[in-house]
Amino acid sequence: MLATSIDLIQKYDYLEEKFKKGYEFLRKKDLKALPLGRADIDGDEVFASVQEYTTMPADACKYESHNRYFDIQYVVEGQEQFGCVKRAGLLEDAPYNEADDIVFLGNRSRAGPSS
């Protein structure tokens, strides 16, 4: 699944070289054998964050968004449920963390509760 906004489709070529490098990495690597942590693919332009964790119930999770990097999710083993909503209309739970390129968002409308 590729989910994006029509406003971004012209801005980003999802078949450009950096995406191809990411997809190729996922095809060729023995992903289960990778050590946890960062796996460089093309310096700071394309890299993987290899993680292992126990998933949380959906109602305990927050939405996340990134401003600098695209986040390609790939589950090697086990199961994980992903949800997707438009960022517009959500409120930040904490300010954007530039060093980690992440912001967590709550499921609250900027317009406030409906009456």
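Biologist: Over the ring of which residue does the charged end of R38 sit?

Modeller: The model is a predicted one. R38 has its place in strand β1, and F47 lies in strand β2. The charged end of R38 is 4.0 Å from the centre of the ring over which it sits, and that ring belongs to F47.

Biologist: Is R38 buried, partly exposed or exposed?

Modeller: A residue counts as buried under 20% relative accessible area and as exposed over 50%. The relative accessible area of R38 is 44%, so R38 is partly exposed.

Biologist: Which residues does R38 touch, not counting residues up to four places away in sequence?

Modeller: Contact here means heavy atoms within 4.5 Å. With residues up to four places away in sequence left out, R38 touches G43, D44, F47 and A48.

Biologist: What distance separates the C-alpha atoms of R38 and S49?

Modeller: R38 belongs to strand β1, and S49 comes eleven residues away from R38 along the chain. The separation of their C-alpha atoms is 4.7 Å.

Biologist: How many aromatic pairs does a search of the whole structure find?

Modeller: Rings count as paired if their centres lie within 6.5 Å. On that basis, the number of aromatic pairs found in the whole structure is three.

Biologist: Is the pair of F19 and F70 stacked or edge-to-face?

Modeller: Planes under 30 degrees apart count as stacked, and those over 60 as edge-to-face. The ring centres of F19 and F70 are 5.0 Å apart and the planes stand at 65°, so the pair is edge-to-face.

Biologist: How many residues apart are F19 and F70, and which parts of the chain does the pair link?

Modeller: The pair links distant parts of the chain, with the two residues 51 residues apart. F19 is in helix α2, and F70 is in the loop between β3 and β4.

Biologist: Which of these two residues is buried, given 5% for F19 and 35% for F70?

Modeller: The cut-off for buried is under 20% relative accessible area. F70, at 35%, is partly exposed. At 5% relative accessibility, the residue that counts as buried is F19.

Biologist: What is the angle between the planes of F47 and Y69?

Modeller: F47 lies in strand β2 and Y69 in the loop between β3 and β4, so the pair ties together parts 22 residues apart in sequence. F47 is partly exposed at 28% relative accessibility, and Y69 is partly exposed at 22%. Their rings are 5.1 Å apart from centre to centre and form an edge-to-face pair, with an angle between the planes of 80°.

Biologist: Which residues do ring pairs link into a cluster?

Modeller: F19 and F70 form an aromatic pair. Ring pairs link these residues with one further residue into a cluster of F19, Y23 and F70.

Biologist: Do the buried residues of α2 lie on the same side or on opposite sides of the helix?

Modeller: The buried residues in α2 are F19, G22 and F25. These residues cover an arc of only 120° around the axis, which puts them on the same side of α2.

Biologist: Against which strands do the buried residues of α2 pack?

Modeller: R27 and K28, on the other side of α2, are exposed. The buried residues, F19, G22 and F25, pack against β1 and β2.

Biologist: What pattern does the chain follow along the sequence?

Modeller: The chain has two helices and five strands. Read along the sequence, these elements follow the pattern α-α-β-β-β-β-β.

Notes
Residues are numbered from 1 along each chain as its sequence is written. This is a predicted model: local features need pLDDT of at least 70, side-chain atom pairs count only at pLDDT 80 or more; totals for chains, interfaces and linings use all residues. Side-chain values use heavy atoms; hydrogens and water are left out. Rings of Phe, Tyr and Trp (its six-membered ring) pair if their centres lie within 6.5 Å; planes under 30 degrees apart count as stacked, over 60 as edge-to-face and the rest as tilted. Helices (H or I, at least four residues) and strands (E, at least two) are DSSP runs, numbered from the N terminus. Buried means under 20% relative accessible area, exposed over 50%, partly exposed in between (1.4 Å probe, protein chains only). A charge sits over a ring if NZ of Lys or CZ of Arg is within 6 Å of the ring centre and within 35 degrees of the ring normal. The arc is that of the directions from the helix axis to the C-beta atoms.
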